[in-house]
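Before reading on, please open the sequence and the model side by side, so that each residue named in the text can be found as it comes up.

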Amino acid sequence: MLKTALRNVLAHKARLLMTTLAVLLGVAFVSGTLVFTATLSEAFQRSSEKGLTHVDLAVQPDDDTDAAETGPGDADDLGQDLLDATAALPGVASATGEVSGFAALADKDGDLVGAGWDTRGANYYAGTDGTGTDARHPLTEGRAPRAAGEIALDSATAERTGYRIGDTARVSVDGPVREETVTGIFTTEDGTVAAGGSLVLFDTATAQELFTAPGEYSRITLQAADGATQQDLKDAVAPLLPEDAEAITGQQLAADQAEEIEQQTSGMRTALLAFAGISLFVGVFIIANTFTMLVAQRTRELALLRAVGASRRQVTRSVLIEALVVGTVAGVTGFAAGIGIAAGLRSLMDAFDVTIPEGPLIVDGTAVLASLIVGIVVTVLAAYLPARRAAKIPPVAAMSSIHAAPTARRMVVRTTIGAVVALGGGALVVAGIGSGDKGATMGLGAALLVIGVFILTPLLSRPVIAAAAPLLRLFGVSGKLARRNAVRNPRRTAATASALMIGLTLITGITVIADSMAKSIDKMATESLRSDYVVSMANFSPLSPEVEETLAARPEVTDITGLSMSPALIADDSDERYLTGVNGAAIGELTNLDFEAGSFEGLSGENAVVDTDTAEDLGLGLGDTFPVRYEDGTAGSLTVSGLYEGNEMIRGVILDDAALDPHMERVTDFQVMLRTADGASEEARSALEAALGDNPAVLVQDKEDVSEDIAFMFTLLLNMLYALLAMAVIVAVLGVINTLAMSVFERRQEIGMLRAIGLQRRGTKRMVRLESVVIALFGGVLGVGLGVFFGWAVGEMLRDYLTTYELVLPWGRMAVFLGLAALVGVLAALWPARRAARMNMLEAIKTE
């Protein structure tokens, strides 16, 4: 039986090729994802470890400290006194005060270097003796910055921007542009720089002024003397630690960074593996379909084996051995292809200016094992049912072919089961909209609905394909034959169409959700804002109050407010919330919020307006006074002067700047809103940008820009998802090709007879192509229909979180999806149609 199974693999290698390719693609995606994410994680981890080589112990603010319980002087505990005290401890070789924060650098063309997220600023430290011989960032050219107006750049940034010693560079920390002279170029092993970021160094006094406060450090790092361990340093520092600070060893810092990197890459890995799973799920239909047809073609052969003594187990085992061989080949070749995919993804990230630290591709045992397990297990499981079905056929029945047509009873049972599963799945999807655990309920319902529709596809195929009959008649005999061939074997048609259905279900559903979300957020942005412009940093870091002051001085600006945020404890709520500070006299002219009671009028002093959800949580009503503990620890009280309907852009407790600013440790705005006398125009925008020094790190956006940004984010996400789902569609195409090729092989005698009685080669090709298009469109119609249903259901779930949500059906794109399904049918039929047309009619007729 083993020899028979291996012989059958070699005899049907051409027919099994498409099945192997389908499994191969899914395996390649899995192995490529594992290799790529392992490479990414390892590269960033090594880079981070290099950046911590000078750190044996770090003293830094405690992340768990409640900002509302600390005062403005608490952070001064990481000051010069603590630095000197730690430096004098036994076992400490050196102590360094580090200051760091966001610093946007413009290149010589005025463009922002990098995306703004990884552009950092810090203080220059000359080393233990002050000469720079053991500096954390050794200089390769020039000298260190010594005063305000001087900076040093890392060598990688200097090379890509073309800055040299003596050049003037434009830098922005929190809004206003600073003209700085480049005095030095240094090397660094900082992980951010290795990943494509930039590092700008200031003298310590300037860095403290920009990022912390005079005499204050962001972190103090210690290096151990010979013979001292990191734990020794931690024990020695413990008595000196301020209440809101913690000491972390270098080993723990490295471990924390490794865990953080793992968390950052795990999301990407999960998403990529999910799409690989979808491809493999689609591949299951193809594998099962292929082995079903192969078994059907070899029914008499298997019956003869049973007649001469082979048991049911042996017949089943022989088919599973074929599947094992196919799965092993697909696993090995898919693993090799996955390594290529990982290398390609790495190069693709470089092409999009997403720099990854240097390092080799990490091919570990997990990727190898996963590839083989996925390839073999998926193939064998998909082939099990066809193998078991073949073994259960009685030999005499198989030889007379009376088993071929499924009985009416079996079709009734299948239809009943499919209807129950589909209805149950649909009910769970609808129930998930209002349930507590929405995601799990809806996900289970979606899976059951797809499975139920798959079970029902043989029943659905006849009426759906019959609807295409009027169009097929336009193609004469070829069209009539194509329709009959498509419904001749409903199970085969259903399995072939289902593979394409799954891909189009996901694509359509994601498109509906993305378009609806984009429209809803755009509606929210345009309806809740009256301002002509919104000003913010490119990376959405805080803005200096100087930005609002500069823009308020412009003659064309009529109304302006900065929006600041400060953590606080409100009423009896134990959870920290945020207060929003605004210009109380102008905010009403710049927003368009619906008030349930009160208004922005009188927003001054100790008055505040509260969104209805927050008011309900805290049990507040119009005129109520509630206690508040500000960021600096001061206790106070506010009076509710208005209740408004909040949204994702504006919500929470809003009060006047004059009441909030005195309690903020560092007064900053997260954005500035303004109106101009003549409304939004290119002239007004240019004047505002010029007033801010044409700063590339600052965005001056009108409502249209905000909408375009929202649309761009969703379009980018949508395109990424399309690219990933394309793998599932490619696998589905392979399934259509495979089905048609084997269908042509099965019907070679019939095709020969048609040719003999006058059907031309062109008509034969047209018949196969039309059959392929009909099957593909059948899958497309089911996929688009299910996608719209899932898109609607998810949208109803999102309506609880996005009040402006409204369902948008992208009719144009759905028509394109159906057109692409038809194109898939045309392309998939090219080889089978050509094979059918070139068949020798006499040899085909005499085939038994």
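**From ring pairs to helix contacts**

F789 has a relative accessible area of 26% and therefore counts as partly exposed (buried means under 20% relative accessible area, exposed over 50%, and partly exposed in between, with a 1.4 Å probe and protein chains only). The model is a predicted one, in which local features need pLDDT of at least 70 and side-chain atom pairs count only at pLDDT 80 or more, while totals for chains, interfaces and linings use all residues. Residues are numbered from 1 along each chain as its sequence is written, and side-chain values use heavy atoms, with hydrogens and water left out.

Of the 848 residues of the chain, 51% count as buried. The secondary structure comes to 28 helices and 22 strands (DSSP runs numbered from the N terminus, helices being H or I with at least four residues and strands E with at least two). Among the contacts in the chain with a separation of 6 or more, 81% are accounted for by residues 24 or more positions apart, where contact means heavy atoms within 4.5 Å.

How many aromatic pairs does the structure hold? There are five, a pair being rings of Phe, Tyr or Trp (its six-membered ring) whose centres lie within 6.5 Å, with planes under 30 degrees apart counted as stacked, over 60 as edge-to-face and the rest as tilted. The ring centres of F202 and F211 lie 6.0 Å apart with their planes at 70 degrees, so this pair is edge-to-face. F202 is buried because its relative accessibility is 0%, and F211, at 14%, also counts as buried. F789 pairs with F790, with 5.8 Å from centre to centre and 55 degrees between the planes, which is a tilted arrangement. F790 has a relative accessible area of 14% and so is buried, whereas F789 is partly exposed. Elsewhere, ring pairs link F595, F600 and Y644 into a cluster.

Leaving aside residues up to four places away in sequence, T206 touches A147, A148 and R178.

Helix α17 (residues 490-528) and helix α26 (residues 811-828) have axes that come within 11 Å and cross at roughly 160 degrees, the axes being lines fitted to C-alpha atoms over the stretch in contact and the angles running from 0 to 180 degrees between N-to-C directions. That angle makes α17 roughly antiparallel to α26 (over 145 degrees counts as roughly antiparallel, under 35 as roughly parallel, 65 to 115 as roughly perpendicular and the rest as oblique). The crossing is right-handed, which means that the near helix is turned clockwise from the far one by less than a right angle, anticlockwise being left-handed. On the α17 side the contact is made by L500, L504, I507, T508, T511 and D515, and on the α26 side by R813, M814, F817, A821 and V824. By class these are seven nonpolar, two polar and two charged residues (Ala, Val, Leu, Ile, Met, Phe, Trp, Tyr, Cys and Pro count as nonpolar, Asp, Glu, Lys and Arg as charged, and the others, Gly among them, as polar).

Helix α17 also meets helix α25 (residues 761-798), the two axes coming within 6 Å and crossing at roughly 35 degrees. This crossing of α17 and α25 is right-handed, and the residues of the contact divide into 17 nonpolar, 10 polar and no charged.

V487 lies in helix α16 (residues 476-488) and is buried, with a relative accessible area of 12%; its C-alpha atom is separated by 6.9 Å from that of S461, 26 residues apart along the chain. S564, in strand β14 (residues 557-570), is buried with a relative accessible area of 0%. D694 sits in the loop between α22 (682-691) and β22 (698-701), is partly exposed at 48% relative accessibility, and has a positive phi of about 50 degrees although it is not a glycine. Most residues other than glycine have a negative phi.
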